[in-house]
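User: Could you go through this structure with me? I would like to talk about how its parts pack.

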Amino acid sequence: MSAVLPQSREQATGLSFGEALRARFRSLSALPSGRFFFSVILFLAILVFAILGPTIFNQHDPLQIVGGLYDTPSSKFWLGTDNFGHSVFTQLMFGTRTSLIIGFVAGLIATGIGVVIGTAAGFNGGFVEEALMGITNVVITIPSIVVLILLSIAISTRSIYSLALVIGVTSWPWTARAVRAQASSLRTREHVDIARLAGANTASLIVWEILPYMLSYIFMAFVLQLTSGILAEAALSMLGLGPSNSVSLGIMLHWALLWESVRTGAWWAFVPPTLFLTIIAFALLLLQSSLDEVFNPRLRRS
Amino acid sequence: MSRFQRYVLTKAAWFLVAFIVALILNFYLPRMIPGNPVDTLVSQMAQGGADVQAMQQVYNTYIKEFGLDKPAISQFGTYLQHLVHGNLGTSFALYPTSVNSLIANALPWSIALQLPAILIGWLLGNLLGAIAAYRGGWFDWGGFVGSLFLSSMPYYCLAILLLYGLAVKFQVFPPGSGYSSNRAPNWSWGFFADALQHYWLPFLSLVIIFVGGQAIGMRSMAIYELGSDYVGYSKGLGISDNRIVRYIFRNAMLPQVTGLALSIGSLVGGALITEIVFSYPGIGSLLFDSIRQNDYPVIQGITLLIMVAVLVANFLVDIAYGFIDPRIRTAQTGG
């Protein structure tokens, strides 16, 4: 019987299968780093455009009226004007900035709440865990788009930050769930026991023995929250619930759709925000999945 | 009481709690808007030049309907009472049309658009993902990056680009709406053919995104299974490739089936913006119009509908899992 039992996976899989796996590993092993750098550079380019763009191109007021309804792109206004006569290029810089700010703030809030609840539940166990996860499960089953719509209607002034807050407080449950699983398995590790025997209190146990081991997960969760925050803002704005008196990628699309830029062929009004949203989401998800393969070698097919 | 019954009861209790929280949110949040929405509505009508008697009638209707002269808790009671009778109230913007009839007109369009898109996208996506995982090589690499790009593309972005490309630039399809403006919805073949013409583009925009998402999920599940011990052991025992592939895909399918059920649950709220992009006469366009007109009863009716659909789908998935997967049936619930 023992002869049948595999000594190693390589031996067990047989030649053809092992070869197939190795070939696949060879073809993919170079990818994570390439994908990683590609996504980082893509995202940095967007970031620089949004932060330094207004200074570089010397455009500081996205709401300035510089032309008429859907003027075609010209040497002065590279992407023409929108329905109000704003320069689309300037709008794009400031719109990207707003979308990124909302994404970052919402992502920080959501990740923060998620980590606190997840760690408290996973580290303490018992009744605390059941209560916190019960709340999380209830919140998770209520679709967040609905709560977002209802909350955005309820707040009297929709500013960039109030909207980011609304998005943040509705999207933490997935992070809480993932972090709880991590914290719960870390709790029983030996190094935690040793620290506990050495007399460390709960706070320092969590800060020094649990959190450092979860940092990679927390960062990946943040990247996901950042992405979904940017997309949530865009969705809300397109429904007509965006921040008032400001411009974001979603608001640009909202007006472009409302003023029929697509059907009248004014591509410069809707293609730039569409492409930017896609590129941002693609870059961040690619970053997330390449980080996943770095931290989680099993996905590398080895 | 058997273990399975206890599992179902615990799940049901959790979903009841979620439902009550959802109801409270749905009732209470729109009431946090400063001022009385009915006053706003009536003052808008006054600006529009409506006569005093009509305004008084509208005012009384809403005060009575919401019990606005009573405290909040009894307003909630009135709200629940209406809901139990399946009455979602009266629209502000389109007085005296009931919210029920507005939703009843829009919902079939949304379902007809999304149900086929979800099912076909799911089938195609799983097939492609499975092949990519098993084949590997360029097919996998190209397919993976392509699917990642497609699935990370917000679904409404693809919708906008398709609308411009295939209906405006190259006029292959009509530019949006559910049917030609010179027709009224009826059950004739002519109308059906016309609606089908308008159907392809929004349908396509949803299917492509679904295929991408499903393919990625299936691929990573299948790769995970390919690397697991039972595959190696089966190989060692000399079990045929075909049978191993069957084992792998049976295991990899479980989360995919959940995904299918959940996307059917989120059907009502899943593609709101696609409908706005194409001016397709479904729930999304209705929501868009009611947000612009501050038509709170319609907004609340739609949010409630979305929540109930998602909650029911989640509940059914959990129950089905209890049947399919004995590990879950015996595991701790609620955690």
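Analyst: What follows is a short talk about helix packing and domain contacts in a predicted model.

User: At what angle do H3(A) and H4(A) pack?

Analyst: Helix H3 (residues 88-124) of chain A packs against helix H4 (residues 126-141) of chain A at an angle of about 145°, the axes being 7 Å apart, and the crossing is left-handed.

User: Which residues make that contact?

Analyst: On H3(A) they are Ile117(A), Ala120(A), Ala121(A), Gly122(A) and Asn124(A), while H4(A) brings Gly126(A), Val128(A), Glu129(A), Leu132(A), Met133(A) and Thr136(A). By class, that gives six nonpolar, four polar and one charged residues.

User: And H7(A) with H9(A), how do those cross?

Analyst: Helix H7 (residues 173-186) of chain A and helix H9 (residues 202-238) of chain A cross at roughly 165°, with axes that come within 10 Å. The two helices are therefore roughly antiparallel to each other, and the crossing is right-handed.

User: Who meets whom there?

Analyst: Residues of H7(A), including Ala178(A), Gln182(A) and Leu186(A), meet residues of H9(A), among them Tyr213(A), Tyr217(A) and Gln225(A). The contact of H7(A) with H9(A) divides into ten nonpolar, three polar and no charged residues.

User: Switching to chain B, how is it divided?

Analyst: Chain B has domain 1 (9-84) and domain 2 (105-333), and nine residues of domain 1 are in contact with twelve residues of domain 2.

User: Where does the largest share of the domain 1 side come from?

Analyst: Helix H1 (residues 3-28) of chain B supplies that share, with seven residues, and the domain 1 side as a whole divides into six nonpolar, two polar and one charged.

Technical notes:
Residues are numbered from 1 along each chain as its sequence is written. Chains are lettered from A and ligands numbered from 1 in the order in which they are written. This is a predicted model: local features need pLDDT of at least 70, side-chain atom pairs count only at pLDDT 80 or more; totals for chains, interfaces and linings use all residues. Axes are lines fitted to C-alpha atoms, for helices over the stretch in contact, and angles run from 0 to 180 degrees between N-to-C directions. Helices (H or I, at least four residues) and strands (E, at least two) are DSSP runs, numbered from the N terminus. A crossing is left-handed if the near helix is turned anticlockwise from the far one by less than a right angle, and right-handed if clockwise. Two residues are in contact if their C-beta atoms, placed from the backbone, lie within 7 Å. Ala, Val, Leu, Ile, Met, Phe, Trp, Tyr, Cys and Pro count as nonpolar, Asp, Glu, Lys and Arg as charged, and the others, Gly among them, as polar. Domain bounds come from an automatic or database domain assignment. Angles under 35 degrees count as roughly parallel, over 145 as roughly antiparallel, 65 to 115 as roughly perpendicular and the rest as oblique.
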